[in-house]
Amino acid sequence: MTVADLETLDMDKPAFDPKAFRLTEQEEELTALARRVAKSRFAPRAEAIDRDAVFPTQNYRDMHETGLLGICVPKEDGGHGAPFRTYMMTAAEIGRYCGATALTWNMHVCSCLWTGALTDDLEIEAGERELHRQRRAVHYKRILEDGAIYSQPFSEGGAAAAGAAPFSTSARKVDGGWIINGKKIFASLSGHADYYGILCGEMKEGERPSRRDTMYIAVPATAEGVEVVGPWDPLGMRGTVSRTLLFKDVFVPEDEALMPRGVYYQAASRWPHMFMTLSPTYMGIAQAAFDFTVKYLRGEWPGLPPVKRRMFPTKQMGVAQMHLMLEQTKALWFQAITEAGPDPSREQMLRAWAAHYTVMENANEICQLAIRTCGGQSMLKSLPLERLFRDSRCGALMLPWTAEICLDRIGRESLYLPGETDE
Ligand SMILES: Cc1cc2nc3c(=O)[nH]c(=O)nc-3n(C[C@H](O)[C@H](O)[C@H](O)COP(=O)(O)OP(=O)(O)OC[C@H]3O[C@@H](n4cnc5c(N)ncnc54)[C@H](O)[C@@H]3O)c2cc1C
């Protein structure tokens with residue numbers, strides 16, 4: 001099927017109706033494109049990707065072909081130049097059809113969103129900004145022309161990924177570049193990304209490591225000293241292939257810096273909604289579980305006998321519960337992603353954590369309800385619900401905003417004003 005043929009496809013309804021939610025023209029177009037590509041190409045492959053725990057390589061070729069790989073590459077560099085909310089809405093549509101593709105696509109897209117629209121909102125000295133523009137243009141060209149894939153490994157198994165300590169993966173400045181040493185766990189796309197966009201701490205002679213010295217650097221997967229190790233056989237999100245990455249004295253040319261010194265720290269402090277980008281995958285999963293349940297109870301799921309189960313009041317109650325939860329989740333999430341931007345207020349931060357928590361926890365709750373409501377046959381591996389259920393369990397575990405950390409921050413920030421203590 002060609003890209004032009006996609007236009008003629010029978011479509012599912014949008015997760016967020018463009019008129020009701022007053023989406024921009026670009027949002028309407030990109031969400032429709034994502035829905036068509038994901039429904040026609042990703043959904044049929046999702047079962048095998050999950051079963052075999054393999055990376056969705058062909059899906060990435062499709063995203064290159066359809067321009068989705070460059071969704072957040074700025075327009076002046078040849079991409080769609082999608083802002084934060086547009087990306088989030090588009091990713092939710094992909095999450096409906098293949099969670100592992102949506103989640104890994106997030107890691108890839110962040111390499112463009114963070115270096116593009118987000119960095120443009122931050123304070124950077126004019127010379128530094130010019131150099132940054134030149135450097136990021138090289139990354140964008142690789143993505144648009146060669147279909148290069150970027151990943152985003154920052155977890156290390158310590159406190160750094162939660163933002164509570166400096167990264168232990170180190171970058172030492174040398175003539176013409178950086179020497180990288182360290183280890184990243186749960187590195188989605190390992191063995192499949194062309195560049196690993198790592199977060200690491202710059203080592204400075206005689207100084208203690210500081211979070212302010214975090215560097216964001218693209219390490220070519222083929223660089224000497226890069227190794228992918230360990231098995232990958234998890235409960236859910238199996239197609240993300242999140243194995244362990246080792247860096248041993250890896251030399252990286254200085255143009256591979258994805259952000260100038262100090263800018264990642266500024267971004268994390270001033271543009272914290274950047275950490276919400278893991279949520280659209282799970283927003284899509286929640287929508288998919290609801291859609292499946294409606295079709296299943298109406299006896300309309302393709303390939304199954306047309307047995308209707310919708311007439312039982314208990315089924316109707318189950319669907320009503322799911323609908324309430326889905327609408328509440330969508331409303332809160334849409335508000336939080338709409339107001340995302342630099343220097344959010346305390347109330348906006350509380351809402352962002354609340355929205356993130358709600359998506360991650362409710363996606364799993366909605367999947368559980370879906371299985372209970374549809375009944376035993378719905379959890380067979382031949383149907384997508386069982387996979388949605390397992391994939392949805394992963395959302396609340398993802399740093400830096402795990403469900404626990406969101407709760408912790410909401411509780412603390414609600415009870416203490418900035419600077420307040422009990423002493
Ligand atoms: C499918 C999947 C794909 C992933 N892909 C990536 C990826 O591409 N890149 C990447 O960097 N990571 C990725 N991760 C990793 C993820 O973001 C977490 O880092 C990982 O799940 C942490 O696991 P852990 O058991 O080591 O957590 P631990 O660090 O042991 O934390 C356990 C729990 O303790 C709580 N906790 C931790 N620190 C704090 C704190 N300071 N304050 C309060 N509570 C705290 C949190 O709730 C956390 O869930 C992925 C994870 C999954 C499941």
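User: What should I know before I start?

Analyst: The model is predicted: local features need pLDDT of at least 70, side-chain atom pairs count only at pLDDT 80 or more, and totals for chains, interfaces and linings use all residues. Residues are numbered from 1 along each chain as its sequence is written.

User: Which domains is the chain divided into?

Analyst: Domain bounds come from an automatic or database domain assignment. Here they are domain 1 (12-149), domain 2 (160-260) and domain 3 (271-415).

User: How many residues of domain 1 are in contact with domain 2?

Analyst: Two residues are in contact if their C-beta atoms, placed from the backbone, lie within 7 Å. By that rule, 24 residues of domain 1 touch 20 residues of domain 2. α5 gives the most to this side of domain 1, with 9 residues. Helices (H or I, at least four residues) and strands (E, at least two) are DSSP runs, numbered from the N terminus.

User: Which residues are closest to the ligand?

Analyst: A residue is near a molecule if its C-beta atom, placed from the backbone, lies within 6 Å of it. The ligand is surrounded by 24 residues, and the closest are Ser155, Phe186, Ser188, Thr402 and Glu404. Two elements give two or more residues to this shell: β3 (177-187) and α12 (403-415). The largest share, 3 residues, comes from α12.

User: Where does the ligand lie relative to the domains?

Analyst: Domain 2 and domain 3 both give residues to the shell, so the ligand lies between them.
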